[in-house]
Every structure is written in structure tokens, then in C-alpha cells.
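Q: I would like to learn how to read aromatic ring pairs in a model. Please take me through them step by step.

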Amino acid sequence: MAEGDNNSVYQLAAETASLEEQLQGWGEVILMTDKVLRWERAWFPPALMSVVSFSFLMIYYLDPSVLSGVSCFVMFICLADYLVPALAPRIFGSNKWTTEQQQRFHEICSNLVKSRRRIVGWWKRLFALKEEKPKMYFMTMLCSLAVVAWIGQQVHNLFLTYLIVSFLLLFPGLNQHGIITKYVGMAKREINKLLKHKEKKNER
């Protein structure tokens, strides 16, 4: 293994250990959330969607201003950050923390670090594209933002946010059960069929 690879592995391990230390107070909650998001039980998906739907219905009913909504959200985060580390051990029981749970917690933290690295990598590639191919960069950005703006104009903001949040929360379970892979594979096969059919027409 090259020296650069060794450094990357050590850095990943160090970042994972640091994140584990920061999230230690949230360990039990993170493991429970992981089970829900991966649909370990059949009733987890409908329960998850019920909570999300109820939350968005309350937002729709109360219709808070942007400032009030942001303030309430940040206040909820602050309360959770203060209360969860103190109450989680009493609710879940820290004495029941097993080696299997610790291993799963380590895997989750490692995946979070890898995801953060991917996002940073995409961000760097975007700026590299700006430096190397500025015209392509600006055209891509303008077209992408125009499409997003058009979608935002066609769909109600709250409903669009609901769809995005629902998809993000369901994504781990869809991926875990192979549903995304299945439909992506089906889409690829259909695209290949269309391309082959078009090639045959061109040959004629």
C-alpha cells in the first residue's frame, strides 16, 4: 500500500474516532435512529412517514413565518443537544451497551466521515471545473439553477420540502432493501433497449 493510502486510512480512523467521541452522548439515539431508517421492523416505514406527515401538517396549519420557523427549529436542536446526552442513558440503559452496538456505532460514524469527505470532494471538483472549464461550469450552474427555480415555481414550497425530507429519510431503507438498486437497474435496461432500438433504426 502506498504511503498516501496509509495516510488516508490513518486520517479516516482519526476523524472517525474524533466523531465517535463527539457523538458518544447520542450513541443510543443514533443506534435507534439507524434501526428505524434501515427498516429493521416492518412498521418502521409507516411510523416514520406518519411522524413526518404530522410534523408538516402542523407547520402547514400553524403557518409560521420564516424567522419563527427557523428560531423554533434551532431552539429544538439546542434542547435536544442539552437533554439527549443526559436522558438517553436513563431511558436506554448504558449498562446494556454491547460490543455489537459499539461496532455498529463505529460503522455509522465511519460512514458519516466518508459521506462528509465525498461532499467535500464534490465541492472541490466543482471549483476545479470552474478553473479548468469556466464556460462549462457557468452553463452547468445556470441550467441546473434554472431547472431548480422552475420546479420551485411549479410546486408548493412546503410540499416540495416534504417530498425532499421524506425521500432523504426513506433513502437508507430503500437502499438497504435493494429497492433503489432494483429500479435503477430497470431504468438502465430500458435506456439500453431504447439506445439499441435507435441504433438498429439508424443502421436501416
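Q: Which residues form one aromatic cluster?
A: Rings of Phe, Tyr and Trp (its six-membered ring) pair if their centres lie within 6.5 Å. Here F56, F159 and Y162 make up one aromatic cluster. The model is predicted, so local features need pLDDT of at least 70, side-chain atom pairs count only at pLDDT 80 or more, and totals for chains, interfaces and linings use all residues. Residues are numbered from 1 along each chain as its sequence is written, and side-chain values use heavy atoms, with hydrogens and water left out.

Q: How many aromatic pairs does the rule give?
A: The count is 6 aromatic pairs. One of them joins W43 and F44, with 4.5 Å centre to centre and 65° between the planes, which is edge-to-face. Planes under 30 degrees apart count as stacked, over 60 as edge-to-face and the rest as tilted.

Q: What describes a pair of aromatic rings?
A: The distance of the centres and the angle of the planes describe it. For F167 and F171 the centres are 5.8 Å apart and the planes stand at 55°, so this pair is tilted. The two residues, F167 and F171, lie 4 residues apart in helix α7 (residues 157–176), about one helical turn. Helices are DSSP runs (H or I, at least four residues), numbered from the N terminus.

Q: Is F44 buried or exposed?
A: Buried means under 20% relative accessible area, exposed over 50%, and partly exposed in between (1.4 Å probe, protein chains only). F44 has 8% and is buried. F167, at 47%, is partly exposed, and F171, at 35%, is partly exposed.
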